[in-house]
Amino acid sequence: MPRKAKRPCRHPSCPEITEGNYCEKHKSMHPDRPSASRRGYTSKWRRLSKQYLRKHPMCVRCMAEGKFVPATVVDHIIPHRGDETLMWSQDNWQALCKPCHDKKTWTEDKNPVYTY
């Protein structure tokens with residue numbers, strides 16, 4: 001059976017060709033991320049987040065700037081990183097628009113704080 005074609009490493013500006021997503025040099029820098037359902041985003045989450053958005057329809061960050069933008073994402077104020085209490089506590093949720101959520105998540109992912 002033929003193998004998949006090799007492709008460039010997904011690490012920025014790495015010229016190496018690899019069979020997977022990352023070359024051997026960058027594999028340890030980019031651990032495989034579990035699926036959304038394994039991280040807790042199940043049908044229960046989808047149901048509860050839709051209910052939350054119905055009660056909180058506007059993006060809280062945009063409203064703080066005086067803009068009225070519909071919220072489309074329920075965000076965890078403090079990233080839960082597997083902590084069930086933080087995952088399901090509505091006190092830790094906020095309604096955000098997609099651009100605000102992406103900006104916040106990018107900042108947190110770039111500078112993660114782990115407290116194990």
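This is a short chat about a predicted model.

User: What should I know before we start, and which pLDDT do local features need?
Analyst: Local features need pLDDT of at least 70, side-chain atom pairs count only at pLDDT 80 or more, and totals for chains, interfaces and linings use all residues. Residues are numbered from 1 along each chain as its sequence is written, and side-chain values use heavy atoms, with hydrogens and water left out.

User: OK, aromatics. How many aromatic pairs are there?
Analyst: Four. Rings of Phe, Tyr and Trp (its six-membered ring) pair if their centres lie within 6.5 Å; planes under 30 degrees apart are stacked, over 60 edge-to-face, the rest tilted.

User: Which kind of pair do Tyr-41 and Trp-45 make?
Analyst: Edge-to-face, because their planes sit at 80 degrees, with centres 5.4 Å apart.

User: Which residues do ring pairs link into a cluster?
Analyst: Tyr-41, Trp-45, Tyr-52, Trp-88 and Trp-93.

User: Is Trp-45 buried or exposed?
Analyst: Buried, at 7% relative accessibility. Buried means under 20% relative accessible area, exposed over 50%, partly exposed in between (1.4 Å probe, protein chains only). Tyr-41 is partly exposed at 23%.

User: Switching to charges. How many salt bridges does the structure hold?
Analyst: Four. The rule is a side-chain nitrogen of Lys or Arg within 4 Å of a carboxyl oxygen of Asp or Glu.

User: What are the closest N and O distances for Lys-27 with Glu-24, and for Lys-98 with Asp-102?
Analyst: Lys-27 and Glu-24 come to 3.1 Å. Lys-98 and Asp-102 come to 2.9 Å.

User: And is Glu-24 buried or exposed?
Analyst: Exposed, at 65% relative accessibility.
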